[in-house]
Amino acid sequence: MTDPAPEEDTAAPWPGSRRRKIRPSAEWHAWDLGRWWHPTFTVAILAMIMLALISGPERWRWVTATLMAAVLLVYFVFARPTFSTGNDLPGHRQALGLMLLFLLPTLPAIVLNPTLMVSLVVIAPVFFMTVGSTYAVPALAVLLLFPALLGGLSGHRDWGSVGITLLANGAILGYALWFSGWIERIIYQSAERFILIEQLSSSRREAARLSEQAGAMAERERLARELHDTLAQGFTSIITLTQAVESELDTDPATARRHLALTRETAAENLAEARAMVAARRAVTVEGDDLDGAISRIGERLGRELGIEVIATVTGSPEELSNDLRVCLLRTAQEALANVRKHAGAASARVTLAYTDVGVLLTVADDGAGFDVSRPSDGNGLANMRHRAEEVGGTLDLDSAPGRGTTIRLTIPRDEAEE
């Protein structure tokens, strides 16, 4: 069966007060004794019917046997449905009614044939399982105490024997009251723990889902930056070169051929970058060549593409950097030079990679138009550069003003560079 979601009301200190309800679930339902309980109860009551037919006053044997058969009928018609793990214990009226239905045949049968008191071995557990100790203990008290009192009042038993019976059965009732309350508290604490475990498991599944979703989003953002800083810039360069070739084919074939060669070179590098992202997710340019050479090459290509002077220099003693740092430095240089091509209108640019005592410093400066750094940027280039710098523990500084060029500085402290 499919159980509803757990519901909890902890207004009362323990379940016997009837004010505390926890929606059970098949996984923890402590009263579920398994599929063998119903056959066991049936066989036990059938045995009581046979016992009633062979013991006790002969004139009452068929009566007591019929009464025990009625107990079996009450069990299957009224008690068994309450064993459903999707139901709470019956309310006040239902519980009282169920106990009365059990007492009506059981009490006369025990009064007429005290031997049938042994039937409480299976009847008493049903009381506790169906209505809880609040109603089960009083019903059990009636079955244990009333026959002895009736025997004393009717003169069939001496009061000394009645007193001993009442004392023994009273001790049993006290023990049943204490033990059943203890067991019920354990059951409800186990239920609460089950609910907490279910909530914890659900929270863990949700956390795993959110973590996976966040990881996917982070990966998409990373790929978006890679595409923007590599393929998108390459395609922009190809478009620019193609437009130049179209205007030069008839007037300057030599320059057109040079631009065609640059187009082919840029397309080949874009293809290599795309294959690297799919296969290995790494920058082929950095892996296949040293960082200094890669920066020099992209500077030289931009100079040939725009026909301007681009000087790339390396100062200090080159160090062995991690691939993440090399990718960050290279992509920052690429993006900065791409901005020179798209926006600066510069006559010259300089790229400097400096290995210093305090870390690695990349500087890209141009003498172009510049811009107002206080105004928000519409593109993704500066945001990507800042994000890359933060990822490797570096800082990105931007210095620009209208009419006096732009300078971008990426600083990676030595502690980060040495990791």
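How much space lies in the second largest pocket? In this predicted model, the second largest pocket holds about 360 Å³ of space. Its lining is made up of 18 residues, and those that lie nearest the centre of the pocket are Ile110, Val111, Pro114, Pro147 and Gly151. Two or more lining residues are given by each of three elements, namely helix H3 (92–112), helix H5 (133–154) and helix H6 (159–248), and H5 gives the most to this lining, with six residues.

Pro114, which is among the residues nearest the centre of the second largest pocket, is placed in the loop between H3 and helix H4 (120–131). With a relative accessibility of 57%, Pro114 counts as exposed, because exposed residues are those over 50%. Although Pro114 and Gly56 are 58 residues apart in sequence, their C-alpha atoms are 7.6 Å apart in space.

Ala52, a residue of helix H1 (residues 37–54), counts as buried, because its relative accessibility is 0% and the buried class covers values under 20%. The C-alpha atoms of Ala52 and Val63 are separated by 8.6 Å, and the two residues are eleven residues apart along the chain.

A nonpolar patch on the surface is formed by Tyr175, Trp178, Phe179, Trp182 and Ile186, which together have about 520 Å² of accessible area.

Two salt bridges are held in the structure. In one of them, Glu206 is paired with Arg209, and the closest N and O atoms of this pair are 2.5 Å apart. Both residues lie in helix H6, where Glu206 and Arg209 are three residues apart, about one turn of the helix. Glu206 is partly exposed, with a relative accessible area of 35%, and Arg209 likewise counts as partly exposed, at 40% relative accessibility. Both residues are placed in this class because their values, 35% for Glu206 and 40% for Arg209, fall between the limits of 20% and 50%.

A salt bridge is also formed between Arg404 and Asp399, for which the closest N and O atoms are 3.9 Å apart. This pair counts as a salt bridge because the separation of 3.9 Å is within the cut-off of 4 Å. Arg404 counts as exposed, at 55% relative accessibility, whereas Asp399 is partly exposed, with a relative accessible area of 32%.

Notes: Residues are numbered from 1 along each chain as its sequence is written. This is a predicted model: local features need pLDDT of at least 70, side-chain atom pairs count only at pLDDT 80 or more; totals for chains, interfaces and linings use all residues. Side-chain values use heavy atoms; hydrogens and water are left out. On a 1 Å grid over the protein atoms alone, a cavity is a set of points where a 1.4 Å probe fits but cannot get out, and a pocket is an open set with protein on both sides within 12 Å along at least five of seven lines; lining residues have an atom within 4 Å of a point. Grid points are joined across faces, edges and corners, and a volume is the space filled by probe spheres set on the points. Helices (H or I, at least four residues) and strands (E, at least two) are DSSP runs, numbered from the N terminus. Patches are made of residues with over 30% relative accessible area and no salt bridge: like charges are joined within 9 Å, nonpolar side chains (Val, Leu, Ile, Met, Phe, Trp, Tyr) within 5 Å. Accessible areas come from the Shrake-Rupley method with a 1.4 Å probe; for residues, only the protein chains shown count as cover. A salt bridge is a side-chain nitrogen of Lys or Arg within 4 Å of a carboxyl oxygen of Asp or Glu. Buried means under 20% relative accessible area, exposed over 50%, partly exposed in between (1.4 Å probe, protein chains only).
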